[in-house]
Amino acid sequence: MKGKILIVDDEEKWRNMFNDWLAGDYQVIQADSGGALQKALALEQPDIVLLDVNLRDANGLELLPTVKKRWPETEVIVVTGAAKDDNEALSWAVEATKRGAFNFIRRSGEGFDGAKFLADVGNAVERRQQTEETSLLRRALETMSGASSPIFQSAAMRDVVRTIERIAPSDVAVLITGESGTGKEVIADLVHAFSPRSKARIIKINCAALPRELIESELFGSVKGAFTGAHTDREGLFRQAEGGTLFLDEISEMPVDTQSKLLRVLQDQEVRPVGGKSSYKTNCRLVAATNRRPEEAIQEGKLREDLFYRISAISVHLPPLRERREDIMPLANAFLKRFSAQANRVIRGYTPAAIERITAFEWPGNVRQLQNEVQRAVLLSEGDVVDAADLSITKTKAQGDETADTNFTLLEGVERNAIVQMLKETGGNKLETAKRLGIGRQTLYNKIKAYGIEV
């Protein structure tokens, strides 16, 4: 179901007609009077309210502010067939808009346009979903910025949040750097959500996950017959992100020759599909991320210097969790609340021993590893608090000790060491490492992230 709709109308034939049109795609409930609407206000919030003006016991326009006050994020479409003429209908439409209505529809028997009605409802549902997503992100950002229970208490992350607040409204390119698991994709989502492009899509691609021979067609699109297997035209991610944001994760893993073509696209704002003879204008904001140090990636030939300067007009660095330990317990508490609710369990918190172990641990996988650890503890703990015994992390890493245990099993530790050793032997070449280990390249990337291996 696409959403929940409340129909408020005292004429049964209209309620039934609306229900027949909507019930296939939406959950529909009905109220036949103003009194029934007042009772419905105590129930679960709907996404859309279809509100008649002339109810037998109330005026819909007078009830509209009450509906918006109780359900501020619900979109209200005012519907009426009682207007005597166009002037009265126009007057009601203006008043409905002032009172918070999303739209005003005039119905009149045979002249009622059902297709337009369904389109209006669809637009209202889409608006409702966008409002909900933005509201969630705003609440998250307010929490991170230092509300009553801030998740981020470190000065470094508060600076990051303030930077996002300042740069999001612009169209400037953003480069997000930081180790795996620090939350680069979350930051990209926030940049998009608070930009004027938030009504359009954010398209995401992990450059490390695509085979070399497919990445250009994935980015720029391709025409039929451009290469073996190109049986139809492909629009590409730049086309999909039109009017919105394109997020290129792990951009330093993109082949250098593709980086060159990407630079040309960013300079000219034009994209030519693979095998195509003509280009088209593109309009999307670019946000990129890498878990490498840009300077080292440039020196190693993994990142073109000219592309780096093009995409890093604003650079945001996310420090690893071990460098902002004041964020560890607020994050751990937030994850505990979320996962205990999902598991339908009441877990009050952590014992002092668990807190000591969590805060002392190095967290090589950063926030992602902490999240997974808390989720595991919630599922395996037997009491109403998480104790140190419920945690899989057993020992903190001593200064300079690269072989100390993390939160991996013995088998996982052996596998991690094998990957680290092979990466050293291949000079960090992931494709060659995957071949020698006998695993797929994507599998290798997943394990590198899961084990918090720095490459």
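## The cavity and its lining

The residues that line the largest cavity comprise 4 nonpolar, 2 polar and 4 charged, where Ala, Val, Leu, Ile, Met, Phe, Trp, Tyr, Cys and Pro count as nonpolar, Asp, Glu, Lys and Arg as charged, and the others, Gly among them, as polar. They are Asn206, Ala208, Glu250, Glu253, Asn291, Lys430, Tyr445, Ile448, Lys449 and Val455, and helix α18 (residues 441-450) gives the largest share, with 3 residues.

About 90 Å³ of space lies in this cavity, and the structure holds 1 cavity of 30 Å³ or more. A cavity is a set of points, on a 1 Å grid over the protein atoms alone, where a 1.4 Å probe fits but cannot get out, and lining residues have an atom within 4 Å of a point.

## Helices α17 and α18

The axes of helix α17 (residues 430-437) and α18 come within 9 Å and cross at roughly 105 degrees, which means that α17 is roughly perpendicular to α18 (angles of 65 to 115 degrees count as such). From α17, Lys430, Leu431, Thr433, Ala434 and Leu437 meet Arg441, Leu444, Tyr445 and Ile448 of α18, a contact (heavy atoms within 4.5 Å) with 6 nonpolar, 1 polar and 2 charged residues.

## Confidence and conventions

This is a predicted model, in which local features need pLDDT of at least 70, side-chain atom pairs count only at pLDDT 80 or more, and totals for chains, interfaces and linings use all residues. Residues are numbered from 1 along each chain as its sequence is written, and side-chain values use heavy atoms, with hydrogens and water left out.

The protein chain averages a pLDDT (the predictor's confidence in each residue, from 0 to 100) of 85, and 89% of the residues score at least 70.

Terms used:
1 Å grid on protein atoms, 1.4 Å probe; cavity = no way out; pocket = protein on both sides within 12 Å on 5 of 7 lines; lining within 4 Å. Points joined across faces, edges and corners; volume = space filled by probe spheres on them. Helix = DSSP H or I, 4+ residues; strand = E, 2+ residues; numbered from the N terminus. Axes fitted to C-alpha atoms, helices over the stretch in contact; angles between N-to-C directions. Parallel < 35°, antiparallel > 145°, perpendicular 65-115°, else oblique.
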